[in-house]
Every structure is written in structure tokens, then in C-alpha cells.
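Student: I'd like to learn how to read a fold from its model. Can we go through it feature by feature?

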Amino acid sequence: MLSLQRKVLVTVLSLGILHVVEGNRLSVEEVIARMNRNPQTLQNVLAQVTNEVDIKLSRGGDNSTRIIGGTATVIEDYPHQIALLYFGRQVCGGSIISHSWVLTAAHCVDYYPQNEDITIRAGSSSRSSGGAIHTIYYYHIHENYSPDDYPYDVATIRVQTPFSGIARVIPLTTSEWIAGTDAIVTGWGVNAAGQTPDNLFRVSLPVVDRITCNEKWLNVITDDMICAGAVGIDACVGDSGGPAVQKGILYGIVSWGATACGNGLPGIYTNIAHPAIRDFIWRTSMV
């Protein structure tokens with residue numbers, strides 16, 4: 001796709017206030033490139049902890065596994081899953097939280113795309129075909145989010161036409177998940193071979209307590225973040241914004257993690273149970 005480097009004025013509705021943001025309309029390639037799993041200000045931390053992790057990534061079996069260590073699945077098993085598209089290309093995931101609202105990561109829309117530039121594909125196991133395409137009415141980004149270190153990495157998106165067919169709403173948690181349990185993450189993220197699948201994949205991840213997670217990540221994990229993952233099983237680039245679920249309830253949003261997905265460092269997820277996150281979702285979507 002040709003680069004669309006021209007100035008645009010993007011109107012963002014946030015907490016009932018219309019904000020006009022000036023910026024460049026990015027090409028698809030530029031948007032995909034900026035969907036790094038780790039914030040810019042954490043690059044030094046990432047480099048340090050990666051050097052300290054003396055673990056070889058397990059790549060046994062078929063290297064075509066998507067979502068590191070995952071298996072293929074179908075949308076009928078995870079009907080809340082959506083693909084966030086930019087000019088028709090999937091760049092992130094998300095979850096259906098009401099008949100007209102999607103929950104995703106703030107960093108999936110922090111380049112302030114125009115509403116007509118992004119769409120939602122729902123009801124399809126494929127990220128590139130099938131299901132129903134929903135145009136966007138407007139979106140909100142958490143007011144305390146920063147692209148520098150990904151605090152409060154959450155956004156809500158209002159679609160113009162209600163979800164129907166096999167698409168289903170997933171309920172939101174009211175409490176934080178518990179270490180020692182497992183969470184299911186789904187998406188179309190990059191696999192261990194560096195390839196991006198067209199089919200939806202799932203992976204079961206062990207929940208990591210915040211103290212252990214902070215020790216591994218040199219105390220950069222805050223209360224609005226939760227952790228999951230282990231050697232050889234992880235979310236990866238392209239899974240951003242997607243759901244982390246336990247027993248049919250949404251607990252987390254794929255946020256950031258190690259560049260070498262599945263190297264043993266826990267992946268980081270937005271904590272939906274955090275009061276500031278839950279309050280934001282309610283204020284913007286009434287969910």
C-alpha cells in the first residue's frame with residue numbers, strides 16, 4: 001500500500017468531549033510496524049532482562065503453531081473475538097463487550113486513525129475473510145494512557161451496526177485473576193517461525209502473580225497490569241488488544257511483552273478489574 005503521509009484532523013470522542021487531533025495518516029505497513037509488544041521507554045529494561053534469561057525457546061514439533069505454543073481453533077468457540085482492521089488489514093484483536101461496543105488496547109489506536117480507516121471483522125475464524133464487517137462510529141482512549149510505557153492500555157470502540165449472527169458478548173470480570181490458574185488467549189499473532197496465520201489460534205497460559213512478574217520485569221509492572229505466560233507459550237505481535245479469558249469471563253487485554261515471544265518472560269495484559277480501567281469502560285460504553 002502507498003504511504004499516506006498527509007496531515008489529517010481526527011475527531012476522537014473521549015468522555016463526552018470531542019477532541020481534534022492533528023497527525024499523519026499512516027500506511028498499513030507503518031501501523032503494523034508500530035504494533036511492537038514493548039513500549040519505547042522499556043527498551044533498556046527489555047534488553048537487560050532478555051540478557052538475564054538464559055532459556056532456549058522450546059520449538060518442538062510443528063513450527064507453524066500460531067500464538068506461541070498454541071493450537072488452531074474456531075470462532076464458534078470464541079465468538080467474542082474480533083479482528084481490528086486498518087484499511088482492510090488486521091492489525092489487532094479485540095473483544096465484543098456489548099451489542100455495539102468492542103474492547104481493545106489503547107496502543108491499537110494511539111496513532112489516531114480516522115473512523116473510516118478502521119473496521120471490525122466479527123464472526124469469522126479468518127482474519128481476512130468471512131463474518132461481518134462493522135464500520136466505526138467513534139472510539140475512546142483511556143485518558144491516562146501513554147505510548148511511552150503503556151499504562152492503562154485500554155480503548156473502547158463503538159460500531160455503527162449492532163453485532164449479530166454468531167458474534168457474542170463476553171462478560172467482564174469484577175475481580176483480578178489468581179496466580180496458579182490458567183487463562184486462554186486467542187488471536188492471529190505471529191508464530192515462532194515469524195509467520196502470521198489467517199486462522200484463529202488459542203493458547204492456555206499460566207497466570208503469574210504480580211510480585212514474581214515484577215521481579216522478572218525489574219519493577220515496571222503496575223497495578224493496572226496483570227501477567228501470564230511461560231517458556232514456549234505466549235501471545236505475540238498481532239495478538240495486541242485481544243482477550244485473555246477464564247471460564248468465559250474477560251480478565252485481560254493483550255498489551256506488551258518480550259520481543260522474543262515465549263522466551264520465559266511473562267506477557268503483560270491490561271487488568272480489567274483495576275478500578276481506573278473498569279471505570280473508564282463504564283464511563284465510555286456504559287458496560
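Student: Over how many bridges do E11 and strand E12 pair, and in which sense?

Tutor: General idea: two strands pair if DSSP finds at least two bridges between them. Helices (H or I, at least four residues) and strands (E, at least two) are DSSP runs, numbered from the N terminus. Here, E11 and strand E12 (residues 225-228) pair in the antiparallel sense over 2 bridges, and Val 208 stands opposite Cys 227 in E12. Before we go on: this is a predicted model, where local features need pLDDT of at least 70, side-chain atom pairs count only at pLDDT 80 or more, and totals for chains, interfaces and linings use all residues. Residues are numbered from 1 along each chain as its sequence is written, and side-chain values use heavy atoms, with hydrogens and water left out.

Student: Which other strands pair with E11?

Tutor: Strand E10 (residues 182-187) is joined to E11 by 6 bridges, running antiparallel. Strand E3 (residues 71-72) also pairs with E11 (residues 201-208) in the antiparallel sense, over 2 bridges. Look at Arg 202 in E11: Thr 186 has Arg 202 as a bridge partner, and Thr 71 stands opposite Arg 202.

Student: Which strands make up the closed barrel?

Tutor: Follow E4-E5-E6-E9-E8-E7: that's a closed barrel of 6 strands with antiparallel pairing. The twist averages 45° from one strand to the next; axes are lines fitted to C-alpha atoms, for helices over the stretch in contact, and angles run from 0 to 180 degrees between N-to-C directions. Zoom in on E7 and E8, which pair in the antiparallel sense over 4 bridges; Ala 122 has Ala 132 in E8 as its bridge partner. Helix H4 (residues 275-285) packs on the sheet and touches E6, E8 and strand E9 (155-159), its direction making about 20° with that of E9. Contact, by the way, means heavy atoms within 4.5 Å.

Student: Now the rings. Why is the pair of Tyr 86 and Tyr 111 called edge-to-face?

Tutor: Rings of Phe, Tyr and Trp (its six-membered ring) pair if their centres lie within 6.5 Å; planes under 30 degrees apart count as stacked, over 60 as edge-to-face and the rest as tilted. The whole structure has 8 aromatic pairs. For Tyr 86 and Tyr 111, the centres are 5.4 Å apart and the planes are at 85°, so the pair is edge-to-face. Tyr 86 sits in strand E4 (residues 81-86) and Tyr 111 in the loop between strand E6 (101-104) and strand E7 (118-122), so the pair ties together parts 25 residues apart in sequence. Ring pairs also bring in Phe 87, giving a cluster of Tyr 86, Phe 87 and Tyr 111.

Student: Is Tyr 111 buried or exposed?

Tutor: Buried means under 20% relative accessible area, exposed over 50%, partly exposed in between (1.4 Å probe, protein chains only). Tyr 111 has 9%, so Tyr 111 is buried; Tyr 86, at 1%, counts as buried too.

Student: What does Asp 110 touch?

Tutor: Asp 110 is in the loop between E6 and E7 and, at 12% relative accessibility, counts as buried. Leaving out residues up to four places away in sequence, Asp 110 touches Arg 34, Ile 141, Tyr 145 and Pro 147. With Tyr 145, there's a side-chain to side-chain polar contact at 2.6 Å (a pair of N or O atoms within 3.5 Å; within protein, one must be able to donate a hydrogen and the other to accept it, and residues adjacent in sequence count only if both atoms are side-chain atoms).
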